[in-house]
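Subject: Handover of a protein structure

Dear colleague,

Please find below the structure that I am handing over to you. My findings follow it, and I would be grateful if you read them with the structure open.

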Amino acid sequence: MRVTARQHPQRRYVRNTSVAAATAVALAATCLALAAPAATATAPAAPHAAAAGATLPFTSVEAESATTDGRTIGPDYTQGTVASEASGRRAVELAAGQSVEFTLPRAANAVNVSYSVPDGQTGTLAVYAGGQDTGKKIALTSKYSYIDTSSIAGSKTHHFFDDARTLLGRDLAAGDTVKLVADSAVTVDVADFEQVAPAADAPAGAVSVADHGADPTGAADSTQAFRDAIAAAEGGTVWIPPGDYRVDGPLPVDDVTLLGAGDWYSVVHSSHFIDQGSPATGRVGLKNFAVFGEVTERNDSSPDNFVNGSLGPGSTVSGMWVQHEKVGLWLTGDNDGLVVEGNRILDTTADGLNLNGSAHDVRVSDNFLRNQGDDSLAMWSLNAPDTGSTFSSNTISQPNLANGIAIYGGTDITVKDNLVQDTNALGSGIAISNQKFADPFFPLAGTITVSGNTLVRTGAINPNWGHPMGALRVDAYDSDIGATVDITDTTFTDSPYSAFEFVSGGGTGKQVKNVAVDGATVDGAGTVVVQAETPGSASVSDVRATGVGAAGVYNCPFPQGSGTFTLNQGSGNSGWDTTWDDCSAWPQPK
């Protein structure tokens, strides 16, 4: 699969190997002491409660804010530790017989739990509601965790968390409690509580996969039944009734809608679901069902994806729950006008979604992504530029290797109103980059609009670089930034290192230019507000900072003698008027 080249490591200079290595260790160690605020939710507490991020059907409650007789771990920012990959960098360890009890912030009849068990082990969480045993047990496994990615330099064993869900079998009100009791060692990170609607009915005229022999128990392979139903639908709707269906082979789709009764009811088990060797010519709809894969490692030569290829112009993907795939959607070919909205993409070993060139006017919005093993959302302009496409109002949590949102080349791209939190190794919250990975690559062009985004605890040590990556990175990795990059109204909260970073990640001193920053709130930066490491310039206005760790600006272009970086400060800046004065050493986070 073509994912291999794109996913290769970010390699870059190290000014002085021994200094950089020592600095990386010191920075990571210092970050153990960084304070993370108590958090009660990783998602908006109610629809439209936050300006940035998705409107979600669930509310997340952190285990460390619940009642427990277990042990709270973290905060931790050291790559390769369980706490560093947790939401809020903190979680709760339970031994056998210990529990964590959540108080519901709103009505719910279902829960999804993000957890980690020791490598090679399994377990259960018994579920009590309002003090009564529900008889439900959430099965836990390390099967989909502990990923090693040897092809990516600087990576370590990662991807410690997984998700497991259950319907509670009763309706609970706000203020009721749900207690989870462990039968063996487990780390509980966060619980998502949801009021799940009843299963929907089949629409009139839909072709049911059951009528073509699909097995709702999952005992038999239903691949041919799905293919026969798709052929019989003749451009209409294929109905997936409630059940668990095993689909062992990939499905071709064209001018058809696959519709389920809801993503808690209609469940397909497939590690390679949609694979389009050639572009679809008609619209495709994928709506309201779940796809669970069995991907336990990252093999970049295999298309172990929910969607691989082209869905065709004007297609839609909505109301989906996608989990345990390598990539959620790896999109190539003609996807013009595609809309991907209102989905959950969890626990992938690589990207959540990647627009892999030729993506025109694609809108990806209102999705929730957690625990990706590479960029959660990416556009990569390989073979042809992505143009006019938008990532908006998405909530991204805990990408454990690489960025929350990454734009690698492309023309007239928009990234707006997203919430990204808790990036880990090799990753910024948002990266705007000319890193090509492979040719033919189409660098950034036109206007790149980055507006209204909120970045919480984002930015991380890059072990290949020997120093940190900022929460929002503009990277002239393989070529100068020639596009106009407009960055407006960004909120940074508790960045472990810098807020803004301007860099040439290839270490060749390519210029970052044509960048305008207008409006930002920096509430906590471990090192500096602006980290400038390459020649070029940026204009910065109305950036207000508090809680800055070392200095306002680090301005040390590399390679030495490659030029200067000019920071043109306009009006309204405050709280970051000092400059780090020692380019031989990295500032320590505070």
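Which residues does glutamate 64 touch, not counting residues up to four places away in sequence? They are Thr72, Ser87, Arg90, Ala91, Val92 and Asp189. Please note that the model is predicted. Glutamate 64 sits in the loop between strand S1 (58-62) and strand S2 (67-68). This residue is buried yet has no salt bridge. The nearest side chain of opposite charge is that of arginine 90, 4.1 Å away, and a salt bridge requires a nitrogen-to-oxygen distance within 4 Å.

The chain as a whole

The protein chain contains three helices and 49 strands. Its radius of gyration is 23 Å, close to the 25 Å that the globule rule gives for 590 residues, so the chain is as compact as a globular protein of that length. Along the principal axes, the C-alpha atoms fill a box of roughly 70 × 55 × 40 Å. Of the 590 residues, 59% are buried. Among contacts with a separation of 6 or more, 75% join residues 24 or more positions apart. The accessible surface comes to about 18800 Å², and carbon and sulfur atoms account for 49% of that area.

Charges and salt bridges

The chain carries 33 positive and 63 negative side chains, and the centres of these two sets lie 3 Å apart. Side chains of opposite charge can pair when their charged atoms come close.

Aspartate 192 and arginine 370 form a salt bridge with an N to O distance of 3.0 Å. Aspartate 192 belongs to strand S11 (residues 186-194) and arginine 370 to strand S28 (residues 368-370), so this pair ties together parts that are 178 residues apart in sequence. Both residues of the pair are buried.

Arginine 457 forms a salt bridge with aspartate 422, and their closest N and O atoms are 2.7 Å apart. Arginine 457 lies in the loop between strand S39 (454-456) and strand S40 (460-462), while aspartate 422 lies in the loop between strand S35 (419-421) and strand S36 (430-433); the pair therefore ties together parts that are 35 residues apart in sequence. Arginine 457 and aspartate 422 are both buried. Together with Arg89, these two residues are linked in a network of salt bridges.

Arginine 246 forms a salt bridge with aspartate 248, with the closest N and O atoms 2.9 Å apart. Here arginine 246 counts as partly exposed because its relative accessibility is 28%, and aspartate 248 is also partly exposed, at 48%.

Backbone features

Most residues other than glycine have a negative phi, and most peptide bonds are trans. The following places depart from that pattern.

- The peptide bond from glycine 74 to proline 75 is cis, with omega near 0°. Proline 75 is in the loop between strand S3 (71-73) and strand S4 (91-94).
- The peptide bond from aspartate 439 to proline 440 is cis, with omega near -5°. Proline 440 is in the loop between S36 and strand S37 (444-445).
- Aspartate 366 has a positive phi, near 60°. This residue is in the loop between strand S27 (363-365) and S28, and is partly exposed, with a relative accessible area of 26%.
- Aspartate 412 has a positive phi, near 55°. This residue is in the loop between strand S33 (410-411) and strand S34 (414-416), and is partly exposed, with a relative accessible area of 40%.

With kind regards

How values were computed:
Residues numbered from 1 in each chain as written. Predicted model: local features only at pLDDT ≥ 70, side-chain atom pairs only at ≥ 80, totals over all residues. Heavy atoms only, no water. Helix = DSSP H or I, 4+ residues; strand = E, 2+ residues; numbered from the N terminus. Rg over C-alpha atoms; globule rule 2.2 N^0.38 Å. Buried < 20%, exposed > 50% of the residue type's maximum accessible area, 1.4 Å probe, protein only. Contact = heavy atoms within 4.5 Å. Areas by Shrake-Rupley, 256 points an atom, 1.4 Å probe, with all protein chains shown as cover. Lys, Arg positive; Asp, Glu negative; His and termini not counted. Charge placed at Lys NZ, Arg CZ, Asp CG, Glu CD.
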